[in-house]
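Thanks for coming. Please have a look at the model on the screen before I start.

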Amino acid sequence: MAMGQLIGKLVSLTRSLRRTWKACVISTTACCSHTLTLLKKQEPSMKKLCSKECDMTSALELFMKEYQMTGSEKADGYSVDALIGLSRKEKKIAFELLLKELPWSAKWLFILDAQKAASVAREIEKEMRNKDGEDAYILQQQLVKYTGDLVYQQHMIEDYAKYRDKVRPLVIDAIDQTPTNQAKIDFFKHVLLIEVNSNAVTRAARHLLDTINFPRSTHSDEAN
């Protein structure tokens with residue numbers, strides 16, 4: 001290849017790379033601006049998030065994308081990698097946004113900052129218990145998990161009867177995620193004796209058998 005042709009190709013390649021780089025910068029800046037706009041709408045105090053628009057991490061971009069989701073997409077929750085990847089300043093912002101979604105967001109709130117989440121959850125749990133439960137079991141399960149305080153397991157058991165029929169199986173599942181003790185075993189037995197909700201009874205029976213390590217007799221049982 002002649003030297004002139006080689007130089008011409010290098011010049012052309014350099015121009016192409018410059019155009020690609022410029023497009024990436026414009027795209028990234030636009031994305032950052034969009035995220036900042038969303039943040040400001042959610043929380044006016046977030047205007048000083050970054051000294052420059054693109055100081056924010058890609059983790060915040062992902063978090064805000066998931067925060068804006070609705071329906072079945074929202075039901076999948078948040079990416080743990082996104083929460084871990086947030087900067088210290090961004091974690092404070094995410095924490096404030098997740099507070100607005102309690103109790104549903106309790107799991108991710110504790111992942112973000114377990115100590116701060118426990119302090120907030122304790123206060124909110126008191127309020128929710130005074131309002132006939134109102135899904136307080138979601139907070140209670142996370143409080144048991146992260147603090148080890150079994151008083152919240154007891155609260156879950158005490159509050160069970162307050163819940164609507166369709167929520168009761170979920171409460172039973174949440175109680176099953178707490179440490180095994182006599183209170184938990186007695187609760188499952190109590191549900192089997194007095195509950196008329198067939199889904200709740202099925203869940204309680206399954207969890208009780210697992211809790212006491214009841215042997216499965218067939219391969220079909222083990223598969224279930």
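Predicted model: local features only at pLDDT ≥ 70, side-chain atom pairs only at ≥ 80, totals over all residues.

Residues are numbered from 1 along each chain as its sequence is written, and side-chain values use heavy atoms, with hydrogens and water left out.

What does the secondary structure of the chain come to? There are 13 helices and zero strands. Helices (H or I, at least four residues) and strands (E, at least two) are DSSP runs, numbered from the N terminus.

Next, confidence. pLDDT is the predictor's confidence in each residue, from 0 to 100. Its mean over the chain is 81, and 70% of the residues reach 70 or more. Over residues 19-31 pLDDT stays under 50, and the model has four contacts beyond four places in sequence for that stretch. Contact means heavy atoms within 4.5 Å. Among contacts in the chain between residues at least 6 apart in sequence, 55% join residues at least 24 apart.

Now the pairs. Two packed helices are described by the angle between their axes and the distance between the axes. Axes are lines fitted to C-alpha atoms, for helices over the stretch in contact, and angles run from 0 to 180 degrees between N-to-C directions.

Take helix H5 (residues 88-99) and helix H7 (residues 114-129): their axes come within 12 Å and cross at roughly 25°. That makes H5 roughly parallel to H7, the term for angles under 35 degrees. Phe 95, Glu 96 and Leu 99 of H5 make the contact with Lys 116, Ala 117 and Val 120 of H7. These residues divide into four nonpolar, no polar and two charged. Ala, Val, Leu, Ile, Met, Phe, Trp, Tyr, Cys and Pro count as nonpolar, Asp, Glu, Lys and Arg as charged, and the others, Gly among them, as polar.

H7 also packs with H8, at an angle of about 145° and with the axes 9 Å apart. On the H7 side the contact residues include Ala 118, Ile 124 and Met 128, and on the H8 side they include Leu 139 and Leu 143. By class, this contact has nine nonpolar, two polar and three charged residues.

Which residues of helix H9 (residues 151-159) are buried? They are Tyr 152, Gln 153, His 155, Met 156, Ile 157 and Asp 159. Buried means under 20% relative accessible area, exposed over 50%, partly exposed in between (1.4 Å probe, protein chains only). What covers the buried residues of H9 includes H7, H8, H10 and H11. In the chain, buried residues make up 36% of the 224 residues.

Two loops remain. Tyr 163 sits in the loop between H9 and H10, and is buried, with a relative accessible area of 4%. Its C-alpha atom and that of Glu 134 are separated by 7.7 Å, although the two are 29 residues apart along the chain. Pro 103 lies in the loop between H5 and H6, and a cis peptide bond, with omega about 5°, joins Leu 102 to Pro 103.

Conventions: Parallel < 35°, antiparallel > 145°, perpendicular 65-115°, else oblique.
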